[in-house]
Amino acid sequence: MSKKEQRVWQYVMANRKASVKEIAEACDVTPAFVAHLLSKIGTPESVWRNTDNGAGEWNAAEEAPPEPKSTRETMLNTAKVLTCGDRNKSYGPPHDNLSDCAALWEAYLNTNLRCLRRDNDDGWKVKLTSEDVAWMMVLTKMARSFQSGFHFDNYVDASAYSAIAGECREIVWEEER
């Protein structure tokens, strides 16, 4: 990620209700550049701007978010906002969604690769869990980070998927107790 992009993202995180024009002026970039960066956010605008009357944990009307102290903190804060907001409403809880993904990946891998784990009756089977899917998504983000340049979202997403992997493990652990 360029220094210019980082300035914009940090400003947006601290000033979620700022207009494109305000962001552009504050960060010394063009409004088109800001609009392009904002178009990369997959979360509904009402959630990341926190104008949805309390769907997120932090409410801009009540208090300003703490100023990030480092790129690492900015990435983790962004991951928290994106994954703890409206995503459950759109896609369901991560464990459920990733379990569905695991079932689809298993079906695909068992049909096309016929490998990995030996099943007593049916030969080789793939068996994936929601946690496996979350970790594989971390690997996807890691592979993307190998490309040239610095892409902030790969690190944000990887940290979010890592936290989701832990949540999935906790759910399964609780179910097995």
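Tutor: Helix 8 passes helix 9 in a left-handed crossing. This is a predicted model, and the description below should be read with that in mind. Helix 8 covers residues 130-145, and its axis lies 8 Å from that of helix 9, at an angle of about 165 degrees. Angles over 145 degrees count as roughly antiparallel, so helix 8 is roughly antiparallel to helix 9.

On the helix 8 side, the residues that meet helix 9 include Ala134, Trp135, Val138 and Arg144. Their counterparts in helix 9 include Tyr155, Tyr161, Ile164 and Arg169. Sorted by class, this contact has ten nonpolar, four polar and five charged residues.

Helix 9, residues 152-176, also packs with helix 5, residues 71-83. Here the angle is about 60 degrees and the axes are 8 Å apart. Helix 5 and helix 9 are therefore oblique to each other, and helix 5 passes helix 9 in a right-handed crossing. From helix 5, Thr74, Met75, Leu76, Thr78, Ala79, Leu82 and Thr83 take part, and they meet Phe152, Tyr155, Val156, Ser159, Ala160 and Ile164 of helix 9. This contact is made up of nine nonpolar and four polar residues, with no charged ones. Tyr155 and Ile164 of helix 9 are listed in the contact with helix 5 and also in the contact with helix 8.

Now the chain as a whole. There are nine helices and two strands, in the order α-α-α-α-α-α-α-β-β-α-α along the sequence. Of the 177 residues, 34% are buried. Among contacts between residues at least 6 apart in sequence, 57% join residues at least 24 apart.

Glu5 lies in helix 1, residues 3-14. Because its relative accessibility is 18%, Glu5 counts as buried. Leaving aside residues up to four places away in sequence, Glu5 touches Phe33, Leu37, Lys40 and Phe150.

Last comes confidence. The chain averages a pLDDT of 77, and 75% of the residues score at least 70. Over residues 52-63 pLDDT stays under 50, although the model has 13 contacts beyond four places in sequence for them. Where pLDDT is low, predicted coordinates should not be read in detail.

Methods:
Residues are numbered from 1 along each chain as its sequence is written. This is a predicted model: local features need pLDDT of at least 70, side-chain atom pairs count only at pLDDT 80 or more; totals for chains, interfaces and linings use all residues. Side-chain values use heavy atoms; hydrogens and water are left out. Helices (H or I, at least four residues) and strands (E, at least two) are DSSP runs, numbered from the N terminus. Buried means under 20% relative accessible area, exposed over 50%, partly exposed in between (1.4 Å probe, protein chains only). Contact means heavy atoms within 4.5 Å. Axes are lines fitted to C-alpha atoms, for helices over the stretch in contact, and angles run from 0 to 180 degrees between N-to-C directions. Angles under 35 degrees count as roughly parallel, over 145 as roughly antiparallel, 65 to 115 as roughly perpendicular and the rest as oblique. A crossing is left-handed if the near helix is turned anticlockwise from the far one by less than a right angle, and right-handed if clockwise. Ala, Val, Leu, Ile, Met, Phe, Trp, Tyr, Cys and Pro count as nonpolar, Asp, Glu, Lys and Arg as charged, and the others, Gly among them, as polar. pLDDT is the predictor's confidence in each residue, from 0 to 100.
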